[in-house]
Amino acid sequence: MNNNKSATSWLQTLQGSLNENQALPEAKYLQLATINSENHPEVRTVVFRGFVDSSASLLIHTDIRSQKIQHISTHNQAQICWYFSQSREQYRLTGKVKVVTANSDQQQSLRLQHWQNLSVSAKHSYYWDTPGEVLGLDDEFQVRIDENKHIEQISDNFCLLVFSVLAVDHLQLKATPHKRSRYVYSDDSWQTIKVNP
(Lines give C-alpha, C1' and ligand atoms only; values in the text may rest on other atoms or scores of the structure.)
Protein backbone atom coordinates (compact mmCIF):
# COMPACT_ATOMS: atom_id res chain seq x y z
CA MET A 1 0.00 0.00 0.00
CA ASN A 2 1.42 3.37 -1.00
CA ASN A 3 -0.22 6.18 0.93
CA ASN A 4 2.73 8.55 0.86
CA LYS A 5 1.57 11.17 -1.64
CA SER A 6 -1.54 12.15 0.25
CA ALA A 7 -0.02 12.10 3.75
CA THR A 8 1.44 15.58 3.42
CA SER A 9 -0.70 17.28 6.10
CA TRP A 10 0.17 15.20 9.17
CA LEU A 11 3.63 14.35 7.84
CA GLN A 12 4.58 18.01 7.49
CA THR A 13 3.24 18.65 10.99
CA LEU A 14 5.31 15.77 12.41
CA GLN A 15 8.44 16.93 10.56
CA GLY A 16 7.86 20.42 11.98
CA SER A 17 7.68 18.93 15.49
CA LEU A 18 10.92 17.03 14.89
CA ASN A 19 12.63 20.23 13.74
CA GLU A 20 11.34 22.23 16.72
CA ASN A 21 12.51 19.56 19.20
CA GLN A 22 15.73 18.47 17.48
CA ALA A 23 17.98 19.99 20.15
CA LEU A 24 16.54 17.58 22.72
CA PRO A 25 18.24 14.14 22.68
CA GLU A 26 15.05 12.44 23.85
CA ALA A 27 13.13 13.65 20.78
CA LYS A 28 14.52 10.73 18.77
CA TYR A 29 13.03 8.16 21.19
CA LEU A 30 9.51 6.83 20.74
CA GLN A 31 7.43 4.04 22.25
CA LEU A 32 6.48 1.11 20.04
CA ALA A 33 3.66 -1.21 21.12
CA THR A 34 3.20 -4.65 19.56
CA ILE A 35 0.84 -7.55 20.28
CA ASN A 36 2.35 -10.73 21.71
CA SER A 37 1.28 -14.33 21.08
CA GLU A 38 -1.23 -14.12 23.95
CA ASN A 39 -2.85 -11.03 22.38
CA HIS A 40 -1.45 -8.76 25.07
CA PRO A 41 0.25 -5.46 24.24
CA GLU A 42 3.96 -5.02 24.91
CA VAL A 43 5.59 -1.59 24.70
CA ARG A 44 9.23 -0.53 24.58
CA THR A 45 11.30 2.52 23.73
CA VAL A 46 13.05 2.51 20.35
CA VAL A 47 15.05 5.02 18.32
CA PHE A 48 13.58 6.82 15.32
CA ARG A 49 15.98 6.36 12.38
CA GLY A 50 14.26 8.49 9.76
CA PHE A 51 11.71 8.11 7.00
CA VAL A 52 11.87 5.80 3.98
CA ASP A 53 12.79 8.00 1.02
CA SER A 54 10.89 11.04 2.33
CA SER A 55 7.74 8.94 2.63
CA ALA A 56 5.25 8.47 5.46
CA SER A 57 6.95 5.23 6.57
CA LEU A 58 9.15 5.40 9.68
CA LEU A 59 12.34 3.38 10.18
CA ILE A 60 13.53 1.61 13.33
CA HIS A 61 16.55 -0.68 13.84
CA THR A 62 16.28 -3.91 15.81
CA ASP A 63 17.77 -7.37 16.33
CA ILE A 64 16.07 -10.18 14.38
CA ARG A 65 16.26 -12.29 17.57
CA SER A 66 14.24 -9.82 19.68
CA GLN A 67 10.73 -10.67 20.86
CA LYS A 68 9.14 -7.84 18.93
CA ILE A 69 10.02 -9.68 15.71
CA GLN A 70 8.02 -12.70 16.91
CA HIS A 71 5.11 -10.39 17.73
CA ILE A 72 5.19 -8.71 14.32
CA SER A 73 5.37 -12.04 12.47
CA THR A 74 2.02 -12.96 14.08
CA HIS A 75 0.38 -9.51 14.29
CA ASN A 76 1.92 -6.88 12.04
CA GLN A 77 -0.31 -4.14 13.48
CA ALA A 78 1.44 -1.81 15.93
CA GLN A 79 1.21 1.63 17.49
CA ILE A 80 3.75 4.35 18.20
CA CYS A 81 3.41 6.96 20.92
CA TRP A 82 5.78 9.91 20.57
CA TYR A 83 5.94 12.90 22.92
CA PHE A 84 7.83 16.11 22.21
CA SER A 85 8.48 18.04 25.43
CA GLN A 86 9.65 21.30 23.85
CA SER A 87 6.47 21.79 21.81
CA ARG A 88 4.30 19.76 24.21
CA GLU A 89 2.82 17.54 21.52
CA GLN A 90 1.83 13.88 21.49
CA TYR A 91 1.53 11.77 18.37
CA ARG A 92 -0.06 8.33 18.33
CA LEU A 93 0.63 6.60 15.04
CA THR A 94 -1.22 3.42 14.15
CA GLY A 95 -0.02 1.22 11.33
CA LYS A 96 1.52 -1.95 10.00
CA VAL A 97 5.12 -3.08 10.32
CA LYS A 98 7.25 -4.81 7.71
CA VAL A 99 10.54 -6.41 8.75
CA VAL A 100 13.52 -6.08 6.39
CA THR A 101 15.95 -8.92 7.16
CA ALA A 102 18.99 -10.42 5.47
CA ASN A 103 16.56 -12.71 3.61
CA SER A 104 14.21 -10.00 2.36
CA ASP A 105 13.87 -9.59 -1.39
CA GLN A 106 13.65 -5.78 -1.22
CA GLN A 107 15.28 -2.80 0.49
CA GLN A 108 18.67 -4.46 1.03
CA SER A 109 20.47 -1.30 -0.08
CA LEU A 110 18.53 0.65 2.59
CA ARG A 111 19.44 -1.96 5.21
CA LEU A 112 23.12 -1.77 4.23
CA GLN A 113 23.07 2.04 4.29
CA HIS A 114 21.71 2.05 7.84
CA TRP A 115 24.29 -0.55 8.93
CA GLN A 116 27.11 1.58 7.54
CA ASN A 117 25.83 4.60 9.48
CA LEU A 118 25.97 2.75 12.83
CA SER A 119 28.75 3.34 15.34
CA VAL A 120 31.26 0.55 15.92
CA SER A 121 29.77 -0.23 19.34
CA ALA A 122 26.26 -0.41 17.88
CA LYS A 123 27.48 -2.83 15.19
CA HIS A 124 29.11 -4.99 17.85
CA SER A 125 25.80 -5.26 19.72
CA TYR A 126 24.34 -7.31 16.86
CA TYR A 127 27.00 -9.96 17.52
CA TRP A 128 26.13 -10.27 21.21
CA ASP A 129 24.23 -13.24 22.62
CA THR A 130 20.47 -13.46 22.00
CA PRO A 131 18.53 -10.60 23.66
CA GLY A 132 16.24 -11.69 26.50
CA GLU A 133 17.84 -15.08 27.13
CA VAL A 134 17.93 -16.12 30.78
CA LEU A 135 21.32 -15.99 32.51
CA GLY A 136 22.42 -18.70 34.93
CA LEU A 137 22.35 -17.86 38.66
CA ASP A 138 26.07 -17.15 38.78
CA ASP A 139 26.41 -15.72 35.29
CA GLU A 140 26.93 -12.16 34.24
CA PHE A 141 26.33 -10.89 30.75
CA GLN A 142 29.61 -11.01 28.86
CA VAL A 143 30.20 -9.16 25.65
CA ARG A 144 32.12 -11.60 23.49
CA ILE A 145 33.53 -9.82 20.50
CA ASP A 146 35.84 -11.37 17.99
CA GLU A 147 38.14 -8.45 17.28
CA ASN A 148 39.04 -10.06 13.97
CA LYS A 149 35.41 -10.07 12.87
CA HIS A 150 34.88 -7.67 10.00
CA ILE A 151 32.08 -5.55 11.44
CA GLU A 152 31.74 -3.75 8.13
CA GLN A 153 30.09 -6.97 6.96
CA ILE A 154 26.45 -6.56 7.89
CA SER A 155 25.24 -8.87 10.65
CA ASP A 156 22.40 -11.24 9.79
CA ASN A 157 20.89 -10.20 13.14
CA PHE A 158 20.49 -6.58 12.00
CA CYS A 159 17.10 -5.73 10.55
CA LEU A 160 14.89 -2.74 9.82
CA LEU A 161 11.32 -2.19 10.90
CA VAL A 162 9.36 -0.21 8.32
CA PHE A 163 6.31 1.28 10.03
CA SER A 164 3.62 2.29 7.49
CA VAL A 165 1.23 4.78 9.05
CA LEU A 166 -2.54 4.29 8.61
CA ALA A 167 -3.86 6.67 11.29
CA VAL A 168 -2.51 9.56 13.35
CA ASP A 169 -3.81 11.15 16.55
CA HIS A 170 -2.08 14.49 17.20
CA LEU A 171 -2.59 16.28 20.53
CA GLN A 172 -1.23 19.80 21.10
CA LEU A 173 -0.98 20.65 24.79
CA LYS A 174 0.64 24.09 24.51
CA ALA A 175 -2.51 25.74 23.27
CA THR A 176 -5.37 26.67 25.60
CA PRO A 177 -7.71 24.98 25.05
CA HIS A 178 -5.70 21.99 23.81
CA LYS A 179 -6.02 21.03 20.15
CA ARG A 180 -6.45 17.54 18.77
CA SER A 181 -6.65 16.19 15.24
CA ARG A 182 -7.08 12.75 13.76
CA TYR A 183 -5.82 11.74 10.35
CA VAL A 184 -7.21 8.50 8.91
CA TYR A 185 -6.21 6.74 5.69
CA SER A 186 -9.28 5.42 3.90
CA ASP A 187 -10.26 4.87 0.25
CA ASP A 188 -6.78 5.82 -0.98
CA SER A 189 -6.79 9.22 0.70
CA TRP A 190 -6.22 10.88 4.07
CA GLN A 191 -9.12 12.38 5.98
CA THR A 192 -8.52 15.03 8.66
CA ILE A 193 -10.92 15.25 11.60
CA LYS A 194 -10.79 17.85 14.36
CA VAL A 195 -11.84 16.31 17.69
CA ASN A 196 -12.23 17.37 21.31
CA PRO A 197 -8.94 17.17 23.21
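How much accessible surface does the protein have, and what share of it belongs to carbon and sulfur atoms? After that, please take a close look at the largest nonpolar core and what surrounds it.

A: Happy to! The accessible surface of the protein comes to about 11,700 Å², and carbon and sulfur atoms account for 46% of that. Such areas come from the Shrake-Rupley method with a 1.4 Å probe, and for residues only the protein chains shown count as cover.

A word on the model before we go in. It is predicted, so local features need pLDDT of at least 70 and side-chain atom pairs count only at pLDDT 80 or more, while totals for chains, interfaces and linings use all residues. Residues are numbered from 1 along each chain as its sequence is written, and side-chain values use heavy atoms, with hydrogens and water left out.

Now the layout. The protein has four helices and eight strands, where helices (H or I, at least four residues) and strands (E, at least two) are DSSP runs numbered from the N terminus. Read from that end, the order is α-β-β-β-α-β-β-α-α-β-β-β. Of the 197 residues, 38% count as buried, meaning under 20% relative accessible area, with exposed being over 50% and partly exposed in between (1.4 Å probe, protein chains only). Looking at contacts (heavy atoms within 4.5 Å) between residues at least 6 apart in sequence, 64% join residues at least 24 apart.

Here is the part you asked about. A nonpolar core is a set of buried Ala, Val, Leu, Ile, Met, Phe, Trp, Tyr and Cys residues joined through side-chain atoms within 4.5 Å. In soluble globular proteins, nonpolar side chains tend to be buried together. The largest such core here has 30 residues, and those with the most contacts inside it are Trp10, Leu58, Trp82 and Phe163. At least two core residues come from each of helix H1 (8-20), strand S1 (29-35), strand S3 (57-63), helix H2 (67-74), strand S4 (77-84), strand S5 (89-100), strand S6 (158-172) and strand S7 (179-186). S6 provides the largest share, five residues.

Leu110 leads us to helix H3 (residues 108-116), where Leu110, Arg111, His114 and Trp115 are buried. Seen down the axis of H3, these buried residues fall within an arc of 140 degrees, so they line one face of the helix; the arc is that of the directions from the helix axis to the C-beta atoms. They pack against S3, S5, helix H4 (120-125) and S6.

Polar residues have a place inside too. Ser57, found in strand S3, is buried with a relative accessible area of 9%. Its side chain makes a polar contact with the side chain of Ser164 (3.4 Å). A polar contact is a pair of N or O atoms within 3.5 Å; within protein, one must be able to donate a hydrogen and the other to accept it, and residues adjacent in sequence count only if both atoms are side-chain atoms. Ser17 in helix H1 is buried as well, at 2% relative accessibility. Leaving out neighbours within four places in sequence, Ser17 touches Phe84, Glu89 and Tyr91.

For contrast, Ser54 sits in the loop between strand S2 (41-47) and S3 and is exposed, with a relative accessible area of 68%.

Finally, some backbone details. Most residues other than glycine have a negative phi, and most peptide bonds are trans. The bond from Thr176 to Pro177, however, is cis, with omega near 0 degrees, and Pro177 lies in the loop between S6 and S7. Asp187, in the loop between S7 and strand S8 (189-195), has a positive phi near 55 degrees, and at 73% relative accessibility Asp187 counts as exposed. Asp188 lies in the loop between S7 and S8, has a phi near 65 degrees and is exposed, with a relative accessible area of 65%.
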